[in-house]
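Work through the exercises below with the sequence and the model at hand. Each task is followed by a solution in steps.

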Amino acid sequence: MAEKVLVRPTSDPMVRSTPDPDVRVSTGIPGLDELLEGGFPTGSLITLAGRPGTGKTIFASQFLYQGARERGEPGMYVSMLEGRKAYFRNMNRLGLDLLPLEKKDLFRFLEMPTLSAEGLPAIWEEIVRNIDEAGIVRLVIDSFTAMSQAFGTQNDIRVFTHMLLGKIIGGAGCTTLMITESAPGLLGDVNPNPGMQEFIADGVVHFHLVPVAGDARVRYVEITKMRGTNHQMGPIPIDIGSRGITVRMPHIPGRK
Ligand SMILES: Nc1ncnc2c1ncn2[C@@H]1O[C@H](COP(=O)(O)OP(=O)(O)OP(=O)(O)O)[C@@H](O)[C@H]1O
Ligand SMILES: [Mg+2]
C-alpha cells in the first residue's frame with residue numbers, strides 16, 4: 001500500500017496548509033491503526049474518555065512519541081493534572097524516552113497551573129504560541145475536565161472549545177487528543193449522557209477497565225465515533241505492559 005505523505009507544517013500559521021482528513025495520522029498504538037483505516041484523520045479533534053487509571057495518558061503519550069520518533073512530527077502534551085517529573089518518569093518506565101525528543105524540540109511538555117476563568121485566555125495564548133513556535137502537529141490536552149471547571153456555563157465551554165480547538169488548532173493541521181475523565185458510573189458502560197466534548201469531537205475513544213472472573217481485570221477501548229471513517233465497532237481488548245499499550249489479538253470480521 002502506498003504511504004501517504006503528510007504535508008510538513010511551517011512555523012508560520014498563516015502559510016500552513018489546510019489539513020486533509022483523508023490523510024491519516026498513526027495512533028502510535030500497535031494494532032489499532034488497522035481498525036481505523038490507517039489512523040486518526042489529520043487535523044481532527046479526538047476525545048479520549050475514561051475513568052482514572054484506564055490508560056488515557058499512556059495512549060496519548062504513545063501517539064506523541066511515535067509521531068516524533070518515527071515521523072519527525074513535533075508533539076506537545078499540555079498537562080493540567082500531572083507534574084513534569086512524574087510524567088517523564090512514568091512514561092520512561094513504559095519505554096517512552098521523551099527527553100531526547102524534547103532536546104530536539106520534537107516534544108514539549110507544557111505544565112499548566114490550576115485554572116481560573118480569568119486565566120484561560122492567557123493559557124490558550126501560551127498553547128497556541130507553542131504550537132506555532134515548534135510547528136506542533138500532534139497535541140494532547142490533559143484534561144478537558146480540568147479545563148472546563150474554569151468555565152461558567154455549558155455554552156461557554158461549547159463556544160470556547162469549538163472556536164479554539166476547531167478553528168485555530170484543527171485549522172492549523174494539528175491533530176488533537178483531548179482527555180476527559182468519565183463520571184463514575186457502571187463499570188464498562190459507555191456514558192449514556194455524553195458531554196459536550198463528545199458532540200464537538202470528530203472522534204471518541206472510550207477506555208475501560210472491567211472486572212471479570214475472580215480478581216482479574218480486562219482492559220479495552222471502544223471507538224464510538226470517528227467521522228469519515230469505517231472503524232471497528234465494539235470492544236477492542238488492549239494490554240498495558242512494559243512497552244505501553246498494545247491491541248490484543250484484534251478480531252476483524254472479513255479480514256485475516
Ligand atoms: N508497566 C506497566 N505495566 C502494566 N500496567 C501498567 C504499567 N504502567 C502503568 N500501568 C497501568 O496503567 C495505569 C495508568 O495509566 P494512565 O496513567 O494512562 O491512566 P489514565 O487513564 O491517564 O489515569 P488518570 O485519569 O488517573 O490520569 C496504571 O493505573 C496501571 O494500571
Ligand atoms: Mg492521566
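Two strands pair if DSSP finds at least two bridges between them. Helices (H or I, at least four residues) and strands (E, at least two) are DSSP runs, numbered from the N terminus. This is a predicted model, in which local features need pLDDT of at least 70 and side-chain atom pairs count only at pLDDT 80 or more, while totals for chains, interfaces and linings use all residues. Residues are numbered from 1 along each chain as its sequence is written, and chains are lettered from A and ligands numbered from 1 in the order in which they are written.

**Exercise 1. State the mean pLDDT of the protein chain and the secondary structure that the chain contains.**

Step 1. pLDDT is the predictor's confidence in each residue, from 0 to 100. The protein chain averages 82, and 79% of the residues score at least 70.

Step 2. Residues 1-16 stay under 50 in pLDDT.

Step 3. The chain contains seven helices and 11 strands.

**Exercise 2. Find the strands that pair with β6, and decide whether the residues of β6 are buried or exposed.**

Step 1. Strand β4 (residues 75-79) pairs with β6 in the parallel sense over five bridges. Within this pairing, M76 stands opposite L139.

Step 2. Strand β7 (residues 175-181) also pairs with β6 in the parallel sense, over five bridges. Here T176 is the bridge partner of L139.

Step 3. A residue is buried if 20 or more other C-beta atoms lie within 10 Å of its own, exposed if 12 or fewer, and partly exposed in between, with C-beta atoms placed from the backbone. Five of the five residues of β6 (residues 138-142) are buried, so the strand is largely enclosed by the rest of the structure.

Step 4. In a regular strand the side chains alternate between the two faces of the sheet. In β6, R138, V140 and D142 are buried on one side, and L139 and I141 are buried on the other.

**Exercise 3. Name the residues of the largest nonpolar core that touch the most other members.**

Step 1. A nonpolar core is a set of buried Ala, Val, Leu, Ile, Met, Phe, Trp, Tyr and Cys residues joined through C-beta atoms within 7 Å.

Step 2. The largest such core has 51 residues, and I46, L48, A60, L64, V140, L177 and M178 touch the most other members. Helix α1 (residues 56-71) gives this core its largest share, six residues.

Step 3. Two residues are in contact if their C-beta atoms, placed from the backbone, lie within 7 Å. Not counting residues up to four places away in sequence, M178 touches L45, I46, T47, I141, F144, Q197 and A201.

**Exercise 4. Describe the residues that surround ligand 1.**

Step 1. A residue is near a molecule if its C-beta atom, placed from the backbone, lies within 6 Å of it. Ligand 1 is surrounded by 14 residues, of which P52, G53, K56, T57 and I58 are the closest.

Step 2. Two or more residues of the shell come from each of α1 and β10 (235-241). The largest share, three residues, belongs to α1.

Step 3. Ala, Val, Leu, Ile, Met, Phe, Trp, Tyr, Cys and Pro count as nonpolar, Asp, Glu, Lys and Arg as charged, and the others, Gly among them, as polar. The shell has four nonpolar, seven polar and three charged residues.

**Exercise 5. Are I238 and M80 buried or exposed?**

Step 1. I238 lies in strand β10. I238 is buried, because 27 other C-beta atoms lie within 10 Å.

Step 2. M80 is in the loop between β4 and α2 (84-92). M80 is buried, with 21 other C-beta atoms within 10 Å.
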